[in-house]
Amino acid sequence: MSFDYDLDFDNIDFRKEPEKYRVGRGEQGVLMVEPYKGEILPHWRFKTPEIAKESSKKIYELFEQYKEKDDFVGMDMARKFIQMGYTRARRYANYKGGKKYDKEGEINTREIDDEKAESARIFEEKWKIVRTDEEYLKKKKEHQKKYG
């Protein structure tokens, strides 16, 4: 089932009401689902490899904490932030200022930024770990079977 953008995100605590959460595709809803957004977003950074390493490590620690608490929604949100660390760092690695398109809608010329590419690689390492975590995959399947 796709991510439900019609929910009242300002008034739902998904820790208390996990049945309302839908995984969706990729990073859908990553900046909408509370209280997880508030817990994870302050740690999400990728400006330099050193910052990306610290950020991805902290978000992975949160993933593990959510797993210990049997909190699938938290695990999935941590996975989404890690995935977004990779995709955003990759975008900035490929395009100056992270802008793929110019004002006319044409694709800008790629200019590889090695520092951002390294930040992307760091997040990608953690993303591979969380998206293949057996407990995560089991909980994801259970959540989707139970709630859609």
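## Close-up views of the predicted model

**View 1. Glutamate 39, at 25% relative accessibility, is partly exposed.** Here buried means under 20% relative accessible area, exposed means over 50%, and partly exposed lies in between (1.4 Å probe, protein chains only). The model is predicted: local features need pLDDT of at least 70, side-chain atom pairs count only at pLDDT 80 or more, and totals for chains, interfaces and linings use all residues. Residues are numbered from 1 along each chain as its sequence is written, and side-chain values use heavy atoms, with hydrogens and water left out. The side chain of glutamate 39 forms a salt bridge with that of arginine 15, at 2.8 Å from N to O; the term covers a side-chain nitrogen of Lys or Arg within 4 Å of a carboxyl oxygen of Asp or Glu. Glutamate 39 belongs to helix 1 (residues 36–40) and arginine 15 to the segment before helix 1, so the bridge ties together parts that are 24 residues apart in sequence. Helices (H or I, at least four residues) and strands (E, at least two) are DSSP runs numbered from the N terminus. Arginine 15 is also partly exposed, with a relative accessible area of 37%. Together with Asp71, Arg15 and Glu39 are linked in a network of salt bridges. The structure holds twelve salt bridges.

**View 2. A salt bridge joins lysine 67 and glutamate 64 through their side chains.** The N to O distance is 3.5 Å. Both residues are in helix 2 (residues 49–68), where a spacing of three residues separates them by about one helical turn. Glutamate 64 is partly exposed, its relative accessible area being 21%.

**View 3. Aspartate 70 forms a salt bridge with lysine 139.** The closest N and O atoms of this pair are 2.1 Å apart. Aspartate 70 sits in the loop between helix 2 and helix 3, and lysine 139 in helix 5, so the pair ties together parts that are 69 residues apart in sequence. Aspartate 70 is exposed, with a relative accessible area of 55%, whereas lysine 139 is buried at 9%. Helix 5 spans residues 134–147. Leaving out residues up to four places away in sequence, lysine 139 touches Lys67, Asp70, Phe72 and Met75; contact means heavy atoms within 4.5 Å.

**View 4. Helix 3 (residues 72–94) packs against helix 5.** Two packed helices are described by the angle between their axes and the distance between the axes. In this pair the angle is about 115 degrees and the axes are 10 Å apart. The axes are lines fitted to C-alpha atoms, for helices over the stretch in contact, and angles run from 0 to 180 degrees between N-to-C directions. Helix 3 passes helix 5 in a left-handed crossing, that is, the near helix is turned anticlockwise from the far one by less than a right angle. From helix 3, Phe72, Val73, Met75, Asp76 and Arg79 meet Glu135, Tyr136, Lys139, Lys140 and His143 of helix 5. The residues of this contact divide into four nonpolar, one polar and five charged. In this count, Ala, Val, Leu, Ile, Met, Phe, Trp, Tyr, Cys and Pro are nonpolar, Asp, Glu, Lys and Arg are charged, and the others, Gly among them, are polar.

**View 5. The largest nonpolar core has 33 residues.** Such a core is a set of buried Ala, Val, Leu, Ile, Met, Phe, Trp, Tyr and Cys residues joined through side-chain atoms within 4.5 Å. Phe14, Tyr21, Val33, Tyr36, Ile40, Met77 and Phe81 touch the most other members. Helix 1, helix 2, helix 3 and helix 4 (114–131) are the elements that give two or more residues to the core. Helix 3 gives the most, with ten residues. Beyond four places in sequence, phenylalanine 81 touches Val30, Leu31, Lys37, Ile40, Leu41, Trp44, Ile59 and Phe123.

**View 6. Alanine 120 is placed in helix 4.** This residue is buried, with a relative accessible area of 1%. Alanine 120 and tyrosine 86 are 34 residues apart in sequence, and their C-alpha atoms are 4.5 Å apart in space. Not counting residues up to four places away in sequence, alanine 120 touches Tyr86, Ala89 and Arg90.

**View 7. Lysine 47 is in the loop between helix 1 and helix 2.** At 59% relative accessibility, lysine 47 is exposed. Apart from its neighbours within four places in sequence, lysine 47 is in contact with Glu115, Lys116 and Ser119. Lysine 47 and aspartate 114 are 67 residues apart in sequence and 12 Å apart in space, C-alpha to C-alpha.
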